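Let's take a walk through this structure together.

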Amino acid sequence: VQLVESGGGLVQAGGSLRLSCAASGRTFSINAMGWYRQAPGKQRQLVAAVTSITSGGGSPEYADSVKGRFTISRDNAKNMMYLQMNKLKPEDTAVYYCNAYSRSYDKQYWGQGTQVTVSS
């Protein structure tokens, strides 16, 4: 599975960005997908995720810090995943990574990351 993110950039606080993740390869094996972020000097953390993809999709999960501001969505027909980010804050500044998990192969896949910078 290959993952490619796009849509990052520089935005002022209160603004919005939409990240996209294009999946290719053995996408049929993906059971869960999500977005992670890593700020300088900090550990990578989960932002939002969708599980049970093969069974039609479960309820999305969000980090407390982004609930009510970020929305994760998927377009299965296009093998795409999105993260709509609204009301951005400077503390949202990080490199955002697309992630996919395959239970069949017991393997995690990562994209190369896209930088999101929120200015105050």
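Two strands count as paired if DSSP finds at least two bridges between them, and the strands themselves are DSSP runs (E, at least two residues), numbered from the N terminus. What you're looking at is a predicted model, where local features need pLDDT of at least 70, side-chain atom pairs count only at pLDDT 80 or more, and totals for chains, interfaces and linings use all residues. Residues are numbered from 1 along each chain as its sequence is written, and side-chain values use heavy atoms, with hydrogens and water left out.

Start at strand β1, residues 2-6. Five bridges join β1 to strand β3 (residues 17-24), and the two run antiparallel. Leu3 has Ala23 as its bridge partner in β3. Now check where the β1 side chains go: Leu3 and Glu5 point to one face and are buried, meaning under 20% relative accessible area with a 1.4 Å probe, protein chains only.

Zoom out, and you'll find 11 strands and zero helices in the chain. Buried residues make up 42% of its 120 residues.

As for overall dimensions, the C-alpha trace spans about 45 × 25 × 25 Å along its principal axes.

How values were computed. Buried means under 20% relative accessible area, exposed over 50%, partly exposed in between (1.4 Å probe, protein chains only). Helices (H or I, at least four residues) and strands (E, at least two) are DSSP runs, numbered from the N terminus.
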